[in-house]
Amino acid sequence: MEQYGGPMVFLVLGILLFLFTAADITKTTLSTRGGGTITNIVSKSVWRCFFAAAGRRGEAKLLEYAGQCVLLLVLLTWIVCLWLSLFLMLASDPASVINGTTKAAADLWETFYYAGFTLSTLGVGDFAASNDAWRVLTSAAAFCGLTFITAAITYIVPVLSAVSLQNQLSLLISSMGRTPQEILVNSWNGSDFSRFYDNASDIRQMLVEHTLNHHAYPVIRCFHNKQAEKNVIPAVVSLNEVLQLLEGVAEDVPQDTLKHKMLVSALDQHLEMQRSNYLGQENSLAQQPPIMDVAALSNAGIPLKSNVDQMLNAPERRRLLGALLEADGWGWHHVYPRD
């Protein structure tokens, strides 16, 4: 027993590690309240490493691999933690595992191997539990391994579906125009913005689902597209700018106020989620937002309010948007490209 050292310590550590890992897997895969502690630590650490290696540039191709690496490392961490927890419990008794042929007690490496094939339900059989208590634990561990690893692998499917939705959202917004002003000009039919509001319901629905997906699957934040026009962060900022510009349109121009209000509300909820979960103090000094240029709107014949310049530049909200862009490697020049 001395060769294993502190058998009760190993048993307690194994049980605690198993419970902690099981809770993390359960919360991450079966809850809509975000990832567990292990998942959050792994995802944030991996993203920071990729972001730093990419020079904090959103156009870096390296960032496109961050999401896949996060998923794989989270899955690998869960497997390692479950494997280690069972090994620690078995290692608390030097006679817990015996050789199936010679009946000799297994050493540490053989116990580690036994713990692995038990969790993977391979059932090799060259080693076995030595008594009824360890046989029950082995059976329970096999069921847990099958359940948790299956749940972990299944978790990948809704995550990829959520990533697909955020790609659709960004493409829908960017397809309406390259800049917020261009979106409004393209939506203007000479009397109103019905072309924009025809898409408003779809945009709002997708934005609400995207926000809910962030709560349920925070790892989607690590899935990045290096093309600004296909990335969801610049698209969301551009949408906010469009809604701000619409508020500067003359009052005699008819607008669908209900759709506008619902879209603003959905955007507010999304920005609050981003601020609470992803924007730390390091983003408090984000780049200065540019002055909204309404010349293109005037040239297109869109009537504007007389005090439009004072209305359009809400400093606090736009600083939040600037911080959101910066945290993903973008800048205002990606929302307002010059060429």
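Reader: In which loop does Lys103 lie?

Author: In this predicted model, phi of Lys103 is near 65°, a positive value in a residue other than glycine. The residue is placed between a strand and a helix, namely in the loop between β1 (97–99) and α4 (108–119).

Reader: Is Lys103 buried or exposed?

Author: The threshold for the exposed class is a relative accessible area over 50%. Lys103 has 55% relative accessibility, and therefore counts as exposed.

Reader: What is the phi of Arg56, and where is Arg56 found?

Author: Arg56 is partly exposed, with a relative accessible area of 46%. Although Arg56 is not a glycine, its phi is positive, at about 60°. As to its place, Arg56 is found in the loop between α2 (37–53) and α3 (66–91).

Reader: Which residues does Ser43 touch, not counting residues up to four places away in sequence?

Author: Ser43 is found in helix α2. Its relative accessibility is 7%, so Ser43 counts as buried. Not counting residues up to four places away in sequence, the residues that Ser43 touches are Val70, Val219 and Cys222.

Reader: What distance separates the C-alpha atoms of Ser43 and Gly67?

Author: Along the chain, Ser43 and Gly67 are 24 residues apart.

Reader: How is Leu86 classed by accessibility, buried or exposed?

Author: Leu86 lies in helix α3. Beyond residues up to four places away in sequence, Leu86 touches Ala115, Thr118, Leu119, Leu137 and Ala141. The cut-off for burial is under 20% relative accessible area. With 3% relative accessibility, Leu86 therefore counts as buried.

Reader: How far apart are the C-alpha atoms of Leu86 and Ala327?

Author: The two residues are 241 residues apart along the chain. The separation of their C-alpha atoms is 39 Å.

Reader: With which residues is Ala142 in contact, leaving aside its neighbours within four places in sequence?

Author: The place of Ala142 is in helix α5. Ala142 and Leu119 are 23 residues apart in sequence, and their C-alpha atoms are 4.8 Å apart in space. Leaving aside neighbours within four places in sequence, the contacts of Ala142 are Thr118, Leu119 and Thr121.

Reader: At what angle do helix α6 and helix α7 pack, and are they roughly parallel or roughly perpendicular?

Author: Two packed helices are described by the angle between their axes and the distance between the axes. For α6 (residues 180–187) and α7 (residues 194–216), the axes are 7 Å apart and the angle is about 110°. Angles from 65 to 115 degrees count as roughly perpendicular. Therefore α6 is, relative to α7, roughly perpendicular.

Reader: Which residues make this contact, and how many of them are nonpolar, polar and charged?

Author: Helix α6 contributes Ile183, Asn186 and Ser187, while α7 contributes Ser194, Arg195 and Phe196. By class, the contact of α6 with α7 has 2 nonpolar, 3 polar and 1 charged residues.

Reader: Within what arc do the buried residues of α6 fall?

Author: The buried residues of α6 are Pro180, Gln181, Ile183, Leu184 and Ser187. What covers them includes α5 (132–174), α7, α8, α10 (295–299) and α13. Seen down the axis of α6, these buried residues line one face of the helix, because they fall within an arc of 160°.

Reader: How many salt bridges are counted?

Author: Side chains of opposite charge can pair when their charged atoms come close. One of the pairs is Glu64 with Lys61, whose closest N and O atoms are 3.5 Å apart. Lys61 counts as partly exposed, at 45% relative accessibility. The count of salt bridges comes to 6.

Reader: How many residues apart are Arg221 and Asp328?

Author: Arg221 forms a salt bridge with Asp328, with the closest N and O atoms 2.9 Å apart. The pair links distant parts of the chain: Arg221 is in the loop between α7 and α8 (232–247), and Asp328 is in the loop between α12 (315–327) and α13 (332–335), at a separation of 107 residues.

Reader: Are Arg221 and Asp328 buried or exposed?

Author: Arg221 has 10% relative accessibility and so counts as buried. Asp328, at 2% relative accessibility, likewise counts as buried.

Reader: What separates Glu272 and Arg275 in helix α9?

Author: The side chains of Glu272 and Arg275 meet in a salt bridge at 2.6 Å, N to O. Glu272 counts as partly exposed at 37% relative accessibility, and Arg275 counts as partly exposed at 39%. Because they are 3 residues apart in helix α9 (residues 257–278), the separation of Glu272 and Arg275 is about one helical turn.

Key: Residues are numbered from 1 along each chain as its sequence is written. This is a predicted model: local features need pLDDT of at least 70, side-chain atom pairs count only at pLDDT 80 or more; totals for chains, interfaces and linings use all residues. Side-chain values use heavy atoms; hydrogens and water are left out. Axes are lines fitted to C-alpha atoms, for helices over the stretch in contact, and angles run from 0 to 180 degrees between N-to-C directions. Helices (H or I, at least four residues) and strands (E, at least two) are DSSP runs, numbered from the N terminus. Angles under 35 degrees count as roughly parallel, over 145 as roughly antiparallel, 65 to 115 as roughly perpendicular and the rest as oblique. Contact means heavy atoms within 4.5 Å. Ala, Val, Leu, Ile, Met, Phe, Trp, Tyr, Cys and Pro count as nonpolar, Asp, Glu, Lys and Arg as charged, and the others, Gly among them, as polar. A salt bridge is a side-chain nitrogen of Lys or Arg within 4 Å of a carboxyl oxygen of Asp or Glu. Buried means under 20% relative accessible area, exposed over 50%, partly exposed in between (1.4 Å probe, protein chains only). The arc is that of the directions from the helix axis to the C-beta atoms.
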